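Please walk me through this protein, one selection at a time. I have the viewer open and want to know what to click next.

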Amino acid sequence: MKKMKKFLALLIALAMVLSMGMTVFANGETGGESDSFKITMNGAIKDAKYEAYKVFNVTYDAADPSKVNYSLIPDHEVTIIGDFNTVFKIVEAGTLSGGTWSGSNTVYVERASASVTDAAIIKWLKDHEEDIKLVCEKVDEKTGDGSDSITLNVRSAGYYFISSSLGEKTGVTVDTAHPNATVNSKIEDGPSTDDDAKKIVIDGKKVDVADLEPGTDVPFQVEFYATNYAVDDEGEQTIIYNYVVEDAPSGFDIDVSTVAVALDQDQTLSATITKNVTNGKLTVTIPWGSKTTTGEGNDAVTTVTPATYKNPTKVTVTYTAKLTAVTKATNKATIKYNDDTNVDDDETEVYNHIVEVEKVDADSTTKKLPGAQFAVKNEDGKYYKLTETTSGSGAQTGEGTEPGEGTEPGEGTEPGEGTEAGEGGSAETKYAVTWVDSLDDATTYWTSTDGTNEGTEYQQIQFKGLEPGTYTLVEVTAPKGYNLADNEDFTIKAQTEKVTDTSKLTISVTAKDRVGSVLPSTGGIGTTIFYIIGGILVVGAGVVLITRRRMDVQ
């Protein structure tokens with residue numbers, strides 16, 4: 001009900017932008033539905049979405065068709081919001097029943113007084129965009145195709161609210177005298193972004209999350225819509241002289257050689273690219289207008305000149321980062337202008353998975369078995385290999401400086417204490433998963449703490465950094481006194497949403513062994529061969545016995 005209450009003031013405000021201080025005339029609606037009623041958006045941005053909502057009917061004076069007025073659309077549920085009377089007023093109220101304007105009564109609106117400024121009305125409109133989209137009919141929607149203009153087919157006379165996915169908001173009248181209205185696309189409030197400024201690009205698709213193995217080169221993309229000015233709520237303009245894109249990675253190593261900056265409309269520029277060697281933070285500074293300072297001290301004069309790029313211009317920053325973490329890695333891109341004014345920030349996340357393996361007695365599953373060795377094989381028949389590289393080791397501490405010796409003669413000066421030893425940097429382990437042909441080159445883990453078949457102290461083992469897919473757990477060596485378990489397949493499913501509980505990235509597999517002496521073909525020769533040899537000896541003994549008896553008979 002509150003949204004309905006807001007709507008009338010919303011409609012009235014839009015009317016006021018077009019028709020301040022209008023006069024009410026005898027009326028009639030200007031035309032029915034026709035393909036001739038259109039709104040052309042010049043300067044439409046590729047991939048941006050543009051929508052048209054019909055807010056008002058357009059009426060005209062029957063005696064003088066050049067005089068156009070605006071009225072509420074019948075059967076819209078509207079009620080005055082709290083501050084309505086301070087900004088707007090109803091000229092003809094019509095019939096109000098249960099909060100609904102009904103029947104054929106025409107309800108006109110205009111500003112409450114001559115002191116209500118256009119800026120106040122426009123600000124009020126922006127604050128109520130949600131209500132327009134909730135109540136008003138969306139008559140057309142188009143996406144920019146790169147051709148610099150798009151046409152919204154509105155089909156009837158009226159006043160229309162135009163919004164875009166870039167944050168643009170404007171209104172335009174279409175009537176019989178002007179059936180094809182033109183709007184120049186612009187972003188009044190300065191630079192903006194779509195819903196998600198930062199994306200991971202996987203097989204050509206832009207996503208917020210991905211499941212990938214450590215060691216993978218991950219492509220990223222940051223997009224925003226740059227303007228030559230920023231405009232505050234009071235309408236004051238600020239010239240923009242640069243844009244800055246920062247990416248603070250955790251679990252990634254950004255390759256600065258892959259950074260590229262591209263503009264739409266075939267515009268090009270160069271950017272300054274830096275990377276912090278300590279924390280890996282990427283900074284891309286994109287010059288826009290220009291900022292120069294002449295003189296020094298109190299005589300210094302700074303001059304800022306606006307850019308002449310098309311307003312707005314889509315800026316795309318792309319780069320690649322190597323995933324170095326297991327389980328979860330994040331990186332947050334921040335877009336700024338004039339060095340430190342924030343436009344937007346957005347974070348992406350990349351996951352991989354841990355497989356925990358428990359080794360138990362098949363007949364007593366609470367009994368854990370040390371001394372088993374395992375490997376993992378993928379669907380291509382290759383074996384898992386994990387490489388871990390540690391940089392720093394807490395780094396070496398500094399030696400300090402030698403204390404001073406004092407000066408001769410006399411008492412001299414006190415010896416210096418030297419400088420504090422440096423603490424060094426924290427150690428960082430980077431991971432990479434590869435797949436190898438030979439089991440000898442694979443990474444295997446033992447369920448005994450000493451990493452041998454002889455060990456008696458049990459430990460659970462983990463295979464880290466696996467991406468979605470189907471794998472096979474292979475028991476390479478069985479505990480003493482047990483047979484090898486059969487190979488066991490397991491499947492890891494992809495994550496489609498951001499994960500807050502990383503325990504969900506771990507799956508468990510239980511391998512069960514049975515007591516026995518028959519060894520697998522990949523092990524020793526087993527006991528079967530002894531049974532075969534024994535059988536051969538028995539048969540041989542029988543042959544010898546029979547032969548001797550025949551010889552005795554002869």
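Start by selecting Thr40: this residue stands opposite Thr151 in S10. Two strands pair if DSSP finds at least two bridges between them.

This model is predicted: local features need pLDDT of at least 70, side-chain atom pairs count only at pLDDT 80 or more, and totals for chains, interfaces and linings use all residues. Residues are numbered from 1 along each chain as its sequence is written, and side-chain values use heavy atoms, with hydrogens and water left out.

S2 and S13 run parallel, joined by five bridges. Click Ile39 to find its bridge partner in S13, Ala181. Strands of a sheet pair through backbone hydrogen bonds, either parallel or antiparallel.

Zoom out. The protein chain carries five helices and 38 strands. Of its 554 residues, 40% count as buried, meaning under 20% relative accessible area; exposed is over 50%, and partly exposed lies in between (1.4 Å probe, protein chains only). Take contacts (heavy atoms within 4.5 Å). Among those between residues at least 6 apart in sequence, 73% join residues at least 24 apart.

Next, the open sheet. Select six strands in the order S16-S28-S27-S20-S23-S22; their pairing is mixed. Strand S16 (209-211) and strand S22 (272-275) are the edges, each pairing on one side only. On average, neighbouring strands of this sheet are turned by 15° against each other, direction ignored. That angle uses axes fitted to C-alpha atoms, for helices over the stretch in contact; angles run from 0 to 180 degrees between N-to-C directions.

Inside this sheet, pick S20 (residues 242-250) and S23 (residues 282-287). They pair in the antiparallel sense over six bridges. Tyr243 has Ile286 of S23 as its bridge partner.

Stay on Ile286. What is this residue in contact with, leaving aside neighbours within four places in sequence? Show Phe224, Asn242, Tyr243, Val261, Leu269, Ala271, Val315 and Val317. Ile286 is also one of the residues with the most contacts inside the largest nonpolar core, along with Trp288 and Val317; that core has 36 residues. A nonpolar core is a set of buried Ala, Val, Leu, Ile, Met, Phe, Trp, Tyr and Cys residues joined through side-chain atoms within 4.5 Å.

Last stop: charged pairs. The structure holds 21 salt bridges, each a side-chain nitrogen of Lys or Arg within 4 Å of a carboxyl oxygen of Asp or Glu.

- Select Lys133 and Glu129, whose side chains meet at 3.0 Å, N to O. Both lie in helix H4 (residues 129-135), four residues apart, about one turn of the helix. Lys133 is partly exposed at 32% relative accessibility, whereas Glu129 is buried at 17%.
- Move to Asp140 and Lys142, at 2.9 Å, N to O. Asp140 counts as buried at 15%; Lys142 is partly exposed at 26%.
- Finish with Asp253 and Lys275, at 2.6 Å, N to O. This pair links distant parts of the chain, with Asp253 in strand S21 and Lys275 in strand S22, 22 residues apart.

How values were computed
Helix = DSSP H or I, 4+ residues; strand = E, 2+ residues; numbered from the N terminus.
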